[in-house]
Amino acid sequence: MTIDWSSVEELRSDLISWRRHLHMHPELSFHESKTAAWITEKLRLWGIDVEINVGGHGVVGRLSGHAFNDSNKPSKHIALRADIDALPIQDEKEVYYKSRVPGIMHACGHDGHTATLLTVACWLAKHREAWSGNVTLLFQPAEEVNPGGAKGMIESGCLDGIDCVYGIHLWTPIPVGVVASKEGALLASVDEFSIEIHGRGGHAALPHQTVDSIVVAASLVQAFQTIVSRNIDPLDHAVVTIGSMHAGHTFNVIAERANLHGTVRTFNAETRTYTEQRVREMTKHICEMNGAKADITYYRGYPSVINHKDHVQRVQEKVTKHIKDISWDNAVPVMAGEDFAYYLEKVPGCFIFVGAGNAQIEATFPHHHPKFNIDESALMYAVKVFLSLVIDPS
Ligand SMILES: [Zn+2]
Ligand SMILES: [Zn+2]
């Protein structure tokens with residue numbers, strides 16, 4: 001079958017204006033009440049069944065197609081997901097649609113994801129004769145902050161009866177016109193730890209009477225560098241980063257306490273567990289060796305995003321068949337995290353990068369940068385990716 005995209009193209013200006021509206025009115029994770037209400041109003045206007053306050057500010061839309069299913073297979077129930085939250089970043093772009101909210105900005109592209117899924121919803125609702133099966137639209141809050149919004153939505157039953165789930169991320173490291181994914185691990189697990197080292201403070205000139213928490217902290221930071229270089233299989237991947245180190249107040253006092261705050265990123269569960277074990281072991285033994293004590297708080301965040309092989313193949317086949325002006329690429333895994341991982345732990349599916357980078361219009365800043373922006377022509381590609389999967393469900 002072929003898809004006539006002309007009726008979808010008619011929604012291009014709505015798509016861009018919805019993205020810009022969201023861009024001007026960002027809301028932080030777990031505070032997306034106005035965004036959720038705005039989405040709900042549109043879905044209801046188009047006659048879509050809507051459930052609100054799903055696991056927080058989550059909005060779930062459900063609709064069915066009316067086309068005759070001639071495939072001899074039962075109709076599919078597909079879930080499509082968009083995250084809707086913004087970040088605590090001051091928008092430094094000079095465009096008329098820059099954020100109107102001081103200190104808050106859509107710097108990850110979630111405004112584009114939301115506008116994309118709304119456009120998909122609008123088209124599906126107005127062309128039910130063109131597709132069969134069931135679609136559930138997941139407008140998910142709080143992707144950016146642990147414990148994330150996906151967990152709450154899943155616990156509220158948003159995946160009940162779903163056969164497969166797909167999500168996209170607009171991605172400026174990839175040029176517009178390219179769509180990419182890969183089977184297996186695409187994004188990393190995101191764990192966070194903090195270590196409070198208790199030494200014994202004292203006079204800077206009398207170190208023999210103290211336990212210097214700064215020296216212990218420095219030893220730990222050095223030791224952690226050997227986890228990836230000496231403990232992890234060189235063919236595997238892991239990151240151990242200490243992002244913050246605080247101790248002491250002045251030059252002539254040995255600090256009683258020091259605090260380290262860091263993150264661990266891995267792709268597979270065994271490496272994740274082993275890395276945590278090494279952080280704990282090193283902390284215990286190095287502190288003991290120096291006569292210090294430590295309290296560790298180790299928080300396991302999002303698991304790794306593991307794409308299902310059959311679905312990656314399906315996405316590649318449908319996208320390359322139906323969208324003539326895109327090219328497919330095998331994605332390079334990224335050590336960032338995504339709570340889309342939780343959906344893929346429950347039902348099969350795939351997370352997809354949609355290229356949004358374009359050097360000619362300064363759409364090359366990394367995600368979470370104060371000048372982050374996308375090439376908006378990526379939005380229509382994202383819409384077509386989702387629609388290809390719904391309209392041609394074989
Ligand atoms: Zn982000
Ligand atoms: Zn994001």
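Let's start at Lys293, which sits in strand β13 (residues 293-300); strands here are DSSP runs of E with at least two residues, helices are runs of H or I with at least four, and both are numbered from the N terminus. This is a predicted model, where local features need pLDDT of at least 70, side-chain atom pairs count only at pLDDT 80 or more, and totals for chains, interfaces and linings use all residues. Residues are numbered from 1 along each chain as its sequence is written, chains are lettered from A and ligands numbered from 1 in the order in which they are written, and side-chain values use heavy atoms, with hydrogens and water left out.

Back to Lys293: its relative accessible area is 65%, so the residue is exposed (exposed means over 50%, buried under 20%, and partly exposed in between, with a 1.4 Å probe and protein chains only). Leaving aside residues up to four places away in sequence, Lys293 touches Glu196, Ile197, His198 and Cys287, where contact means heavy atoms within 4.5 Å. Arg257 is 36 residues from Lys293 in sequence, and their C-alpha atoms are 9.8 Å apart.

Now for Ala205, in the loop between β9 (202-203) and α6 (213-231). Ala205 is exposed too, at 55% relative accessible area. If you go from Ala205 to Phe267, you move 62 residues along the chain, and the two C-alpha atoms are separated by 47 Å.

Time to zoom out to the domains. The assignment, automatic or from a database, gives domain 1 as 6-185 + 304-391 and domain 2 as 189-300. Taken over C-alpha atoms, the centres of the two domains are 38 Å apart. What does the boundary between domain 1 and domain 2 look like in terms of residues in contact? Ten residues of domain 1 are in contact with ten of domain 2.

The size of an interface is often given as the accessible area lost when the parts come together. Here, about 780 Å² is buried between domain 1 and domain 2, with carbon and sulfur atoms giving 63% of that; buried area is the accessible area (1.4 Å probe) that two parts lose on being put together, summed over both. On the domain 1 side, Asn146, Ser304 and Met335 supply 68% of the area buried against domain 2, more than any other three residues. Two residue pairs are in polar contact between the domains, both at pLDDT 80 or more. A polar contact is a pair of N or O atoms within 3.5 Å; within protein, one must be able to donate a hydrogen and the other to accept it, and residues adjacent in sequence count only if both atoms are side-chain atoms. Salt bridges between domain 1 and domain 2 come to zero, a salt bridge being a side-chain nitrogen of Lys or Arg within 4 Å of a carboxyl oxygen of Asp or Glu.

The whole structure, though, has 19 salt bridges. One of them joins the side chains of Lys384 and Glu9, at 2.7 Å from N to O. Lys384 lies in helix α10 (residues 377-391) and Glu9 in helix α1 (residues 6-9), so this pair ties together parts that are 375 residues apart in sequence. Lys384 counts as buried because its relative accessibility is 7%, whereas Glu9, at 29%, counts as partly exposed.

Another salt bridge pairs Asp111 with Arg19, the closest N and O atoms being 3.0 Å apart. Asp111 is in helix α4 and Arg19 in helix α2 (residues 12-24), so the pair links parts 92 residues apart in sequence. Asp111 is buried, at 0% relative accessible area, and Arg19 is buried at 0% as well. A network of salt bridges links Arg19, Arg20, Asp111 and Glu376.

Let's finish at Asp85, in the loop between β3 (77-83) and α4 (110-126). Asp85 is buried yet has no salt bridge, and the nearest side chain of opposite charge, Arg81, is 7.1 Å away (Lys and Arg count as positive, Asp and Glu as negative, and His and the chain ends are not counted).
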